[in-house]
Each structure stands twice: as structure tokens, then as C-alpha cells.
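Biologist: Before we go through this model, could you set out the terms you rely on and then take my questions in turn?

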Amino acid sequence: MSENTGKVTAPRHYVGGEWVDLDAAGDLPIVNPATGETLTRVSLASAVGVGRAVERAHAAFPAWRNTAPVIRARYMFVLKERMERRYDELARTITREHGKTLEDARGEVRRAIENVETAAGIPTMMMGYGLEDGAATGIDEEVIRQPLGVFAAICPFNFPAMVPFWFWPYAVACGNTYIVKPSEQVPLSMRFVAELVDDIGLPPGVFNVVNGGRETVEALIDHPLVRGISFVGSSAVAQAVYTRGAERGKRVQAQGGAKNVLVVMPDANVEKTVQNIIGSAFGAAGQRCLANSILMTVGRARERVMPPLREAVRALRVGDGIEPTSEMGPVISARAKSRITGYIERGIAAGATLSVDGRTVPAAAGPGCFVGPTIFENVRPDMELARDEIFGPVLSVIHVDSLRDAIALIEASPYGNAASIFTESGAAAREFRYRVPTGNIGINVGVAAPMAFFPFSGAKGSFFGTLHGQGRDAVDFFTEKKVVITRWFDTPDVAGHHGF
Ligand code: NAD
């Protein structure tokens with residue numbers, strides 16, 4: 001029997017160290033997108049349910065805050081060890097509910113663990129700074145960082161395990177308490193994580209998982225005891241969450257959608273560039289916020305890169321991600337599939353050249369939500385294919401005459417998540433890095449994913465806020481800086497002299 005079948009118990013909510021039912025606003029099926037099988041159903045917490053969870057998290061805050069950072073860090077070391085031990089099971093859970101290949105899911109788990117490793121350095125990361133005589137002679141000034149209370153993360157479907165780890169390990173290590181709200185399409189991976197966390201003995205209420213949809217999100221933002229929100233998802237929702245949170249005086253960091261460009265210069269290494277384009281555009285079936293879904297060929301790059309690219313893309317093996325032979329899995333849902341095929345049909349009607357058609361996928365792939373890798377050429381920048389985030393395995397190729405033209409098109413995009421350039425020219429790469437207004441830049445790197453100790457950046461319509469997830473930015477987001485100015489009047493007589 002395939003790993004992808006078999007009964008899964010419904011994920012409940014993990015609140016106050018217990019698996020609980022919360023007052024619900026409805027429920028939804030969880031479907032394995034490769035097989036079409038309904039795995040279980042997920043209950044969506046109502047505003048009342050959210051209130052109960054927030055109160056438990058809030059109640060856990062004073063004692064957790066009062067736990068020394070060095071002790072809080074130790075929980076991270078233990079969690080890392082547990083995650084390493086159950087690594088493959090977590091990866092399989094991701095593949096089962098999301099569809100990405102097992103290799104990709106393993107990469108996702110590695111990234112999650114790297115955030116735990118980084119957060120384990122919290123005693124150093126949380127240190128403040130000070131200056132003796134900083135205000136005047138005899139008056140010292142220092143900054144200390146303090147946790148604030150309850151924070152929450154609202155997460156997208158495309159990285160069910162990794163995205164929450166951009167936030168929660170730092171928040172908790174800083175002394176806050178936390179609620180993760182996974183995507184209602186993929187709640188099983190965080191259920192698995194909550195089981196691991198349950199096992200490391202964190203005080204009840206420090207880490208919580210609440211399942212739900214829009215009502216759940218709005219209740220979390222609105223709850224007066226929630227101090228801040230980290231959001232990752234599509235741009236329209238990111239902006240709405242940012243605005244709603246800001247109106248209520250919350251800290252908000254909201255990462256949105258993307259339409260990333262990969263520029264190929266005429267001098268690029270063809271073989272490596274083609275490999276990277278494929279990984280970037282078709283990895284996770286194009287459902288990554290760092291996917292480069294536009295390829296811009298500059299000058300002669302088109303004739304060098306396109307023939308081997310078309311050939312390699314036609315040869316990609318599409319199938320259930322759990323099978324080791326699959327190089328690309330399904331998209332998340334039947335709804336996503338029909339949205340993506342709609343884009344393909346409208347792209348043809350708009351006059352773009354469909355050179356690899358992903359609408360027909362071999363039956364051997366399975367009965368699930370498959371869309372094969374698709375390439376459109378002769379795409380114009382004003383076409384829907386070039387403007388919208390399709391979030392599927394559709395690569396749009398735009399040809400330009402110069403690097404300057406490529407940069408001008410990227411500058412004109414409302415998005416600013418990532419961009420890559422493939423070239424052997426340092427000068428071209430430098431110009432690209434200097435001018436391109438995206439938060440993440442890849443130079444001969446197709447998926448410019450920052451390591452855990454760097455901020456996961458983003459700009460323009462791809463990010464609302466100031467501080468990003470991961471590393472030091474996360475520590476800044478999850479702590480308040482307090483400035484302490486100290487003066488003592490009765491200076492003791494030390495070593496025979498008085499005063500300074
Ligand atoms: P989504 O915006 O549909 O949902 C994200 C989260 O918001 C979910 O938890 C969902 O329950 C909630 N939500 C949905 N609609 C809502 C509403 N109207 N009000 C309040 N909450 C709502 O996104 P998705 O389809 O799950 O994820 C894919 C999107 O996420 C893509 O746009 C992708 O680019 C983006 N993404 C961005 C990054 C990044 O770092 N910038 C990373 C991963 C994914």
C-alpha cells in the first residue's frame with residue numbers, strides 16, 4: 001500500500017498543552033492532491049474558540065517570560081533533536097497533504113530545523129547594548145529587550161511546516177507565547193509538529209496550534225491580548241491583514257505574493273542555467289513564493305537556452321510526490337488546477353506561444369490535481385501571463401534586447417519578492433543587484449531562499465511591514481526595546497578615594 005493512503009485522524013487544536021475541540025465556525029475536507037482521497041476533515045475555530053486559545057496563551061506568558069533565556073534555548077535544542085529523529089515522517093506528512101515531492105518536503109523540514117537551531121542562540125541574539133556614562137558622567141544608559149505577550153502566525157498552504165518556523169521558535173525563545181494558524185488546506189504537518197513540541201515539555205500554553213479560516217484569522221487579529229501578527233500568503237490578504245492589525249495597534253509583518261523574474265544573459269552557463277530554471281519554475285509545481293515564473297532572455301540568450309530548456313521540461317516526470325521517480329507533484333487542489341488551466345487557455349487566446357502544454361498529463365501520474373509543466377513564449381509584459389501570480393507550473397518567457405530593458409520591466413512590477421540573474425559577468429550581476437527592487441536576489445541562484453540567520457526579505461506588494469521573519473529581524477519583531485538610564489547618588493568610597 002502506498003504511503004499516501006490510510007486513515008488520518010482529524011487534527012484538533014493544540015491549546016494549553018492539550019488536544020482540544022474549540023467552538024467551530026465549520027469544517028473542511030483535507031484532500032491528498034495526488035490521489036484525490038479525503039484524508040480527514042479539519043474544524044475551523046470560531047471567534048469564541050480563538051478567544052479561549054488566546055486566553056490560555058496569555059495565562060502562560062508571565063511564567064514563561066520569567067524563565068531565563070538560557071533555559072528557553074534548551075527547549076530548542078531538544079526540539080531540534082526530536083525533529084531530526086522524526087525527519088522523514090514529517091516530510092511524508094507534508095507530501096501527503098501538499099503534494100510536493102518527498103525530496104522537496106525533506107528540504108522544507110531542513111529549513112524548519114535550521115530556524116530552531118538559530119533560535120537556540122537566543123541568549124546571544126536577545127542581548128541588548130549599553131554605554132557607561134552614556135547620558136553624562138555617572139549616568140549609564142542601556143537597552144534591554146523584553147518579550148511582549150501573545151503572538152500569532154497566519155500561514156499559507158505551500159510550506160505547511162517551514163513557514164511557521166520563520167516565526168514561532170524566535171517568538172517563544174524570546175519569552176512570548178504563541179499561536180500558529182496553519183492553512184486550512186494543510187493542517188496535518190503542524191499537527192505533527194505540535195505532537196513533537198508536546199513531547200519536549202514546554203509549559204502548557206506556550207505553543208499552541210489553532211486551525212481555521214478567515215473568521216479565525218480575523219478573531220486572532222482583533223483579540224486585544226494578541227500583540228502581533230506574522231502573516232504569509234497572497235498579497236491581497238497580506239495587505240488586508242496588515243491594515244486590520246495596524247488599525248488595532250498591533251505589530252504586523254505580512255509577506256505577500258510574488259511574480260519573480262529570472263534573467264538570463266547571453267554569457268550564462270547554459271547547462272546550469274537550464275537546471276536552475278527548471279528547479280525554480282517547476283519545483284513544488286510552481287507553488288513557491290520564490291519561484292521564478294517569468295524567464296527573461298536577453299539577446300542571444302534565447303537561442304542558447306530555449307532549445308535545451310524545452311527538451312528538459314518535456315522530459316520532467318509528473319506524479320505522486322511520494323514516489324521517488326516523480327520530479328513534480330500535483331497542485332494543491334482541483335480549484336487551483338482549474339484556475340491554472342484557465343490561465344493557460346487565456347494565454348493562448350491572448351496570442352502567446354504555448355511551446356510546452358501541461359494540460360495533458362499522463363494517466364500514470366494518478367487521478368489527482370495534476371497540471372504538467374507549461375511554457376509560454378513570446379509573452380508580452382502587458383499580458384495576464386506576465387502580470388498575475390499564477391502559482392502553478394507555468395513559465396512565461398519574455399524576450400528583451402538588453403539588461404537595462406529587463407531591469408526596467410522588473411522595476412515596473414507591483415511585486416518585489418525575488419529576482420535572479422544568470423551571467424558570468426560580474427559587472428552585469430552588480431548592476432542587477434544594485435538596481436533591482438526585490439527583497440531577495442539570486443546571482444546564478446534560481447531560488448534565492450535566505451538561510452535562517454538572514455531575514456526572509458520581500459519588498460513592494462510582496463511585503464507589508466518593516467521587520468522580516470527569521471534571524472535578527474524576528475528577534476526585533478518579537479521584543480520590545482526598553483531604554484534604561486541609571487544614576488546612583490551615594491557613590492561608595494572605593495579603594496581610598498571617593499567618586500570619579
Ligand atoms: P492565502 O492568502 O489564500 O491564505 C493564507 C492564509 O490566510 C491562510 O491561513 C488562510 O486561512 C488565510 N486567509 C485566506 N483568506 C483570508 C481572508 N480573506 N482574510 C483573512 N485570512 C485569510 O494564500 P495561500 O493560497 O495559502 O498561499 C499562497 C500564497 O502565499 C501565494 O500568493 C504565495 O506567493 C504566498 N507566499 C508568500 C511567501 C513570502 O514569503 N512572501 C511565502 C509563501 C507563500
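Modeller: Two strands are said to pair if DSSP finds at least two bridges between them. Please keep in mind throughout that this is a predicted model.

Biologist: In which sense, parallel or antiparallel, do strands β12 and β18 pair?

Modeller: Strand β12 covers residues 260-264 and strand β18 covers residues 418-422, and four bridges link the two. Within this pairing, Val263 stands opposite Ile421 of β18. The sense in which β12 and β18 run is parallel.

Biologist: Which strands form the edges of the open sheet of seven strands?

Modeller: The order across the open sheet is β14-β15-β16-β13-β12-β18-β19, with mixed pairing, and the twist from one strand to the next averages 20°. An edge strand pairs on one side only, and this holds for β14 (353-356) and β19 (440-443). The edges are therefore, on the definition that pairing takes at least two bridges, the strands β14 and β19.

Biologist: What angle does the direction of helix α16 make with that of β18?

Modeller: Helix α16, residues 426-435, packs on the sheet and touches β12, β18 and β19. Taken between the two directions, the angle of α16 with β18 is about 170°.

Biologist: Does Thr93 count as buried or exposed, and why?

Modeller: Thr93 is found in helix α3 (residues 87-98), and, leaving aside neighbours within four places in sequence, Thr93 is in contact with Leu188, Ser189 and Phe192. Its relative accessibility is 17%, and the cut-off for this class is under 20%. Because of that 17%, Thr93 counts as buried.

Definitions and conventions:
Residues are numbered from 1 along each chain as its sequence is written. This is a predicted model: local features need pLDDT of at least 70, side-chain atom pairs count only at pLDDT 80 or more; totals for chains, interfaces and linings use all residues. Side-chain values use heavy atoms; hydrogens and water are left out. Axes are lines fitted to C-alpha atoms, for helices over the stretch in contact, and angles run from 0 to 180 degrees between N-to-C directions. Contact means heavy atoms within 4.5 Å. Buried means under 20% relative accessible area, exposed over 50%, partly exposed in between (1.4 Å probe, protein chains only).
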